[in-house]
Amino acid sequence: MEAESYEIRIVDFSETPFGRYVDDGPESGQVFRDNVLIPALNQHAHLTLILDGVEGLPSSFWEEVMGGLVRQGWGVGDLKERMEIVTTEAELETYVRLGWRYAEEAASKRQH
């Protein structure tokens with residue numbers, strides 16, 4: 001695992017990410033999580049997920065990315081230590097908090 005921080009810009013995946021599952025299309029949360037985010041987490045000790053440039057993060061997409069990581073076995077604490085979600089765009093700031101909330105909600109459902 002490489003020690004340096006790695007950056008992922010969601011906009012490089014899609015300016016308009018949409019959908020939850022693979023069947024929803026190539027810009028879905030499942031595709032992003034499985035093909036971009038998990039491989040990066042497996043290769044890098046720390047990564048920065050940059051939200052800048054997207055037109056929004058529909059809840060179906062964003063919940064599948066963040067809640068889906070937890071459902072795939074990633075712990076919220078480990079994710080918070082290893083992954084930072086950032087934006088410089090005020091209108092996207094809510095998605096930082098929302099992403100962690102989706103992860104925490106998925107973790108609480110997994111415990112019950």
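The crossing of helices α3 and α5 is right-handed, a term used when the near helix is turned clockwise from the far one by less than a right angle, with anticlockwise being left-handed. This is a predicted model, where local features need pLDDT of at least 70, side-chain atom pairs count only at pLDDT 80 or more, and totals for chains, interfaces and linings use all residues. Residues are numbered from 1 along each chain as its sequence is written, and side-chain values use heavy atoms, leaving out hydrogens and water.

Back to the helices. Helix α5 covers residues 93–111, and its axis comes within 8 Å of the axis of α3, crossing at roughly 45 degrees. Axes here are lines fitted to C-alpha atoms, for helices over the stretch in contact, with angles from 0 to 180 degrees between N-to-C directions. Helices (H or I, at least four residues) and strands (E, at least two) are DSSP runs, numbered from the N terminus. The two helices are therefore oblique to each other; under 35 degrees would be roughly parallel, over 145 roughly antiparallel, 65 to 115 roughly perpendicular, and the rest is oblique.

Next, α2 and α3. Their axes come within 9 Å and cross at roughly 40 degrees, which makes α2 oblique to α3. This crossing is right-handed. Residues that meet here include Phe-32 and Leu-37 in α2, and Phe-61 and Val-65 in α3.

That brings us to the rings. How many aromatic pairs does the structure hold? There are 3, counting rings of Phe, Tyr and Trp (its six-membered ring) with centres within 6.5 Å; planes under 30 degrees apart are stacked, over 60 edge-to-face, and the rest tilted. Phe-32 and Phe-61 make a tilted pair, 5.9 Å centre to centre with 45 degrees between the planes. Phe-32 is in α2 (residues 29–43) and Phe-61 in α3 (residues 59–71), 29 residues apart. Phe-32 is buried at 0% relative accessible area, and Phe-61 is buried, also at 0%. Buried means under 20%, exposed over 50%, and partly exposed in between (1.4 Å probe, protein chains only). Ring pairs join Phe-13, Phe-32 and Phe-61 into a cluster.

Last, Gly-56, in the loop between β2 (44–50) and α3. Gly-56 counts as buried because its relative accessibility is 13%. Leaving aside residues up to four places away in sequence, Gly-56 touches Pro-17, Leu-92 and Tyr-95.

Conventions: Contact = heavy atoms within 4.5 Å.
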